Amino acid sequence: MTISDSRHPGAASPHPGSDSRHPGADATRPRVVFILGTGRSGSTVLDLLLGAHPDIQGVGELCNVVRGGWIGGQYCSCGRRTPECDFWQAVREQWRQESGGADPRHYEYLLQAFEQRRLSALRLAWTRRPDHLTLPARSGAEFRDYAEQTAALFRAIAAVSGRSIIVDSSKNPVRALALLRMDRDLGRIDLRLIHLVRDVRGFAWSNRKSFRKDEAKGVQADTSGRAIWRSALAWVFVNLASDYVRRGHDRRRTLLLKYEDLTSRPENALQALAGVVGVTADPWLEMLHAATPLRPGHVVAGNRVRMEREIRLRPDLEWQSRLSPADKRVCWMLAGWKAALYGYPMRPDQDRRSRGAAGQEADPPRAVPSGHPIPRPHFPRSAGKPPIEETARPPLHSHADG
Ligand SMILES: [Zn+2]
């Protein structure tokens, strides 16, 4: 088992087949765009946005498709239950052929074995780097089965959709680690990692909401809100784990993206995404200029937003006015150090006022209702460096629920 050393920027590409001018040129090694990070960070919207490209198929949280969709019969975003959805029926049949007759229940067992979240904490804690991850011999053989069947599922989706690039918005860093091993150790996929981050206070506010079970609307079970302190700690933990996995991958195939940047400077963000995914941004930019709403295709698991007929990329400042000062303080006390590293300011509203006072035009603080149209681009197409950095940046105020 060899590990390509892609950590050195000057090293030749370990994957010459992944030429960006020929997306998905290697049909045996499908290109997978994995959205990594916490839930409630806009990943479902990003999944749909990426999937609006003619070369890309978005499928939501693929880690839940077998259990929730094929076995559990959850609703697909097309409005049918997954076992009755033509797309997922065809994918299942194609997967069975590609994998040499694999059984969904056994595959679900393998998914649990290698993506189980609590184990992830231990694995990530005990191994210094993903490529130092060692597994017992039995697990090694099972990991190969897991990798074969997972790669077969990606190939099946590509074959049925006719699109060579698959977006998986599962987010779980442990699944990302497993996919990273499939890329680096086994050469089964060509992995691109998008680490999506949202302001911890927006995340905590969104997590505090409760939902009643409504399967047809994409809510699988009654959900009670989570305490602010728990959300803040979870946010730190998942983002640390996501940083760790992202840094273990070839830098040219990873991107750290703030959801706030995606909604406030979509052109820059889309150009950066296009570079990492290896496609042209033109189809997305045309959609942006035409203010075309996003239409969900066949997304099985993911935020309830997937069940809406039309989805718009929208900034959302609700947390700023609805989260109490005490809760904001708790968030910042527990997670502020990490949020500051991503460039989030402690007091976005004050910062905005001071910018306004300095003579720059300040964004008015808005609590934006749902259905706000895709914002028109604020920057010319040729704007140089994308707004994706891990250092301090001006405050951006927006969020999404999914
Ligand atoms: Zn469907």
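**Reading the sheet and its helices**

Q: In this predicted model, in what order do the strands of the open sheet run, and is the pairing parallel or antiparallel?
A: Happy to start there! Strands of a sheet pair through backbone hydrogen bonds, either parallel or antiparallel. Here 5 strands make up an open sheet with the order 2-3-1-4-5, and their pairing is parallel.

Q: Over how many bridges do strand 1 and strand 4 pair?
A: Strand 1 (residues 31-37) and strand 4 (residues 190-197) pair over 7 bridges, in the parallel sense. To find your place, note that Phe34 stands opposite Leu193 in strand 4.

Q: Which strands do helix 1 and helix 9 lie across?
A: Helix 1 (residues 43-51) lies across strands 1, 2, 3 (165-171) and 4, and runs at about 180° to strand 3. Helix 9 (residues 228-247) lies across strands 1, 4 and 5, at about 150° to strand 1.

Q: At what angle do helix 11 and helix 12 pack?
A: The angle between helix 11 (residues 266-277) and helix 12 (residues 282-289) is about 165°, with the axes 10 Å apart. Angles over 145 degrees count as roughly antiparallel, which is why helix 11 is described that way relative to helix 12. Their crossing is right-handed.

Q: Which residues meet there?
A: Pro266, Glu267 and Leu270 of helix 11 meet Trp284, Leu285 and Leu288 of helix 12. By class, this contact has 5 nonpolar, no polar and 1 charged residues.

Technical notes. Residues numbered from 1 in each chain as written. Predicted model: local features only at pLDDT ≥ 70, side-chain atom pairs only at ≥ 80, totals over all residues. Axes fitted to C-alpha atoms, helices over the stretch in contact; angles between N-to-C directions. Helix = DSSP H or I, 4+ residues; strand = E, 2+ residues; numbered from the N terminus. Parallel < 35°, antiparallel > 145°, perpendicular 65-115°, else oblique. Left-handed = near helix turned anticlockwise from the far one by under 90°. Contact = placed C-beta atoms within 7 Å. Nonpolar A, V, L, I, M, F, W, Y, C, P; charged D, E, K, R; others polar. Pairing = 2+ DSSP bridges.
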